[in-house]
Amino acid sequence: MALDTGVADLVYDQSAEIAKWVAQNIPDIDGQGFDGPVAAIGVATDRIIAGVVFHDYQKQYGTIQLSMAATSPMWARQEIIKGLLAYPFYQLDCFKIWTATSRFNDRALKVNKHVGFTQEAVLAHQFGKQNHAVVMRMLRPHFEKRYGEN
């Protein structure tokens, strides 16, 4: 199933393929994939240009981690971001979503800020010696204020 956003389509029914694509396009994962159950949403024009994998869902705490990859900046439009993040906030009823990104991945850190994530912590040596993870988060009230309620 795809949702037409006018620029690109959101692809919902290919979680395994999208998760594999995202893993192959994130340097710190080395194409190994994700542990445990995942859900993934892709952004496609004539091909996949971005994907978000939702993993480490903690229902009792209302949190989930997400990992993103993109080959084109076209995906990062407000209506697409709202469609992607509606899944954890409205379908799963999460209060907090979070991501961990290498401190060396300037492009991803910039995109995270553009999307509306706020830095929360730094995990020393998370991606190997001297490669610290920048943990960023978005809370549901911030999502609703920025992107509008569902």
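Where does D93 lie? D93 sits in the loop between α2 and β6 (96-102). This briefing covers a predicted model. Its largest nonpolar core has 34 residues, and its largest pocket has a volume of about 830 Å³. The points below go from the cores to the helices, the rings, the pocket and the loops.

**Nonpolar cores**

- In soluble globular proteins, nonpolar side chains tend to be buried together.
- The largest nonpolar core here has 34 residues, and V43, W75, L85 and M138 touch the most other members.
- Helix α2 gives the most, with eight residues.
- L85 is in contact with L66, I97, V115, M138 and F143, leaving aside its neighbours within four places in sequence.
- A second, separate core has 12 residues, among them W21, V22, F34 and A44.

**Helix α4**

- Which residues of helix α4 (residues 140-147) are buried? They are R140, F143, E144 and Y147.
- Seen down the axis of α4, these buried residues fall within an arc of 95°, so they line one face of the helix.
- An α-helix has 3.6 residues a turn, so residues three or four places apart point the same way.
- Just after α4 comes G148, which takes a positive phi of about 90°.

**Helix α1**

- Helix α1 spans residues 15-24, and I18, A19, W21, V22 and A23 are buried in it.
- Strands cover these buried residues, including β2 (9-11), β3, β4 and β5.
- Two of the buried residues of α1, W21 and V22, also belong to the second core.

**Aromatic rings**

- How many aromatic pairs does the structure hold? It holds four.
- In one of them, the rings of F54 and Y87 have their centres 5.1 Å apart and their planes at 55°, so the pair is tilted.
- F54 lies in strand β4 and Y87 in helix α2, so this pair ties together parts that are 33 residues apart in sequence.
- Both F54 and Y87 are buried.
- One aromatic cluster is formed by F89, Y90, F143 and Y147.
- Two members of that cluster, F143 and Y147, are among the buried residues of α4.

**The largest pocket**

- Rolling a probe the size of a water molecule over the atoms shows where empty space is left.
- The largest pocket has a volume of about 830 Å³.
- Its lining has 34 residues, and I26, S67, M68, A100 and T101 lie nearest the centre of the pocket.
- At least two lining residues come from each of β4, β5, β6 and α3.

- Most residues other than glycine have a negative phi, and most peptide bonds are trans.
- D93 is not a glycine, yet it has a positive phi of about 60°.
- Is D93 buried or exposed? D93 is exposed, with a relative accessible area of 53%.
- H125 also has a positive phi of about 60°, although it is not a glycine.
- H125 is found in the loop between β7 (118-123) and β8.
- H125 is partly exposed, with a relative accessible area of 40%.

Conventions. Residues numbered from 1 in each chain as written. Predicted model: local features only at pLDDT ≥ 70, side-chain atom pairs only at ≥ 80, totals over all residues. Heavy atoms only, no water. Buried < 20%, exposed > 50% of the residue type's maximum accessible area, 1.4 Å probe, protein only. Helix = DSSP H or I, 4+ residues; strand = E, 2+ residues; numbered from the N terminus. Arc of directions from axis to C-beta. Core = buried A, V, L, I, M, F, W, Y, C linked by side-chain atoms within 4.5 Å. Contact = heavy atoms within 4.5 Å. Phe/Tyr/Trp six-rings, centres within 6.5 Å; stacked < 30°, edge-to-face > 60°. 1 Å grid on protein atoms, 1.4 Å probe; cavity = no way out; pocket = protein on both sides within 12 Å on 5 of 7 lines; lining within 4 Å. Points joined across faces, edges and corners; volume = space filled by probe spheres on them.
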